[in-house]
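Reader: I am new to this structure and would like to go through it with you. Could you show it to me, please?

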Amino acid sequence: MLSIENLRVVYHDVISVLNGISLEVKEGEVLVIIGANGAGKTTLLRTVAGMIGFYDGDIIDGDIKMNDVSIKELDSADIMKRYNLTYVMEDRPIFNYLTIDENLKAAAYSRWDNKIKTDMEEVLDYFPVLKPLRNKKAGYASGGEQQMLAIGMALMTKPKILLLDEPSLGLAPLITEELFGIIRKLNKSGITIVLVEQNAYAALNIGNRGYVVEMGRVVLDGEAQELLKNEDVREFYLGAGESKRKSYKDAKRYKRRKRWL
Ligand SMILES: Nc1ncnc2c1ncn2[C@@H]1O[C@H](COP(=O)(O)OP(=O)(O)OP(=O)(O)O)[C@@H](O)[C@H]1O
Ligand SMILES: [Mg+2]
């Protein structure tokens, strides 16, 4: 469905962040991308969504293809319209001063059909916690509710492929579990999901396949269940290793040299 081929992206002409990353998203799956802070995960999603230019970034090599057609020259609105690809950014973009209902309506601004009202009800069925808050200002909602609203707004665009950037950030474990249950349901309803996460355990548990990204390239990939068992993934991303090393970074470098280079 979506393939990223040897992609190189730099910011401000000099800061090289994606260094030849390649990965494949298959239709109907939940694809998980994990990696340390600064690995380039957000940059990857921004680039796929056609938004890297807004951040002074450029693609200097490689390609991004949807169903074998290059999309790297398209702008974000075109990508969204032609391919029903919607990106939910890391910082939960909602309108604080609008109510939950108004936020959902606002998210459908580009639609001209008359199904917006029914779609709103359908979207709210995925997020029962939002129902009693419909007429409350979104800014007063909790972090978890705001994240659900951000995803709900994305659903109002009728995505076929949804890019989620760290939806569990700052959420309590129970809320994360609930949210990931909803993400799984959305996937079952036919939406392909690309899930970028620090919470590798929760993400791999609902994912089909996963990629581990370090310094702008893929260092490991496989079935989600295999990655959950992988020794390096367990040590660095699931915190389950036996290593007594205090420095995460040193340990990482050491392992990388040992195993992946
Ligand atoms: N607009 C920008 N201009 C310059 N450098 C940037 C810009 N945006 C990101 N970077 C740098 O690019 C690198 C990768 O950032 P990115 O946000 O893609 O990483 P990430 O994997 O999403 O990290 P995190 O897990 O912290 O969200 C970082 O070193 C960051 O400082
Ligand atoms: Mg990020």
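Reader: Which residues of α1 are buried?

Author: In α1, the buried residues are K41, T42, T43, L44, L45, R46, T47 and V48. Buried means under 20% relative accessible area, exposed over 50%, and partly exposed in between, with a 1.4 Å probe and protein chains only. Helices (H or I, at least four residues) and strands (E, at least two) are DSSP runs, numbered from the N terminus.

Reader: What should I know about the model itself?

Author: It is a predicted model, in which local features need pLDDT of at least 70 and side-chain atom pairs count only at pLDDT 80 or more, while totals for chains, interfaces and linings use all residues. Residues are numbered from 1 along each chain as its sequence is written, chains are lettered from A and ligands numbered from 1 in the order in which they are written, and side-chain values use heavy atoms, with hydrogens and water left out.

Reader: Which residues coordinate the magnesium ion?

Author: The magnesium ion, ligand 2, is coordinated by T42 through OG1 and E90 through OE, at 1.9 to 2.6 Å. Donors are N, O and S atoms within 2.8 Å of the metal (3.2 Å for Na, K and Ca); water is not among the atoms, so sites may look incomplete.

Reader: Where do T42 and E90 lie?

Author: T42 lies in helix α1 and E90 in the loop between β6 (85-88) and α3 (100-107), so the pair ties together parts that are 48 residues apart in sequence. T42 is buried at 15% relative accessible area, whereas E90 is partly exposed at 29%.

Reader: And ligand 1: how many residues surround it?

Author: There are 17, and the closest are K41, T42, T43, E90 and Q198. A residue counts here if one of its heavy atoms lies within 4 Å of the ligand.

Reader: Which element gives the most to that shell?

Author: Helix α1 does, with four residues.

Reader: What is the distance from the side chain of T43 to ligand 1?

Author: An N or O atom in the T43 side chain is 2.5 Å from an oxygen atom of ligand 1. For E90, the corresponding distance is 2.7 Å.

Reader: Changing topic, what is the strand order in the open sheet?

Author: The order is β2-β1-β4-β5, with antiparallel pairing. Two strands pair if DSSP finds at least two bridges between them. β2 and β5 (69-70) stand at the edges, each with a single partner strand, so one side of each has no neighbour in the sheet.

Reader: How many bridges join β1 and β2?

Author: Strand β1 (residues 2-11) pairs with β2 over eight bridges. L7 has I21 in β2 as its bridge partner.

How values were computed
Polar contact = N/O pair within 3.5 Å; in protein donor to acceptor, adjacent residues only side chain to side chain.
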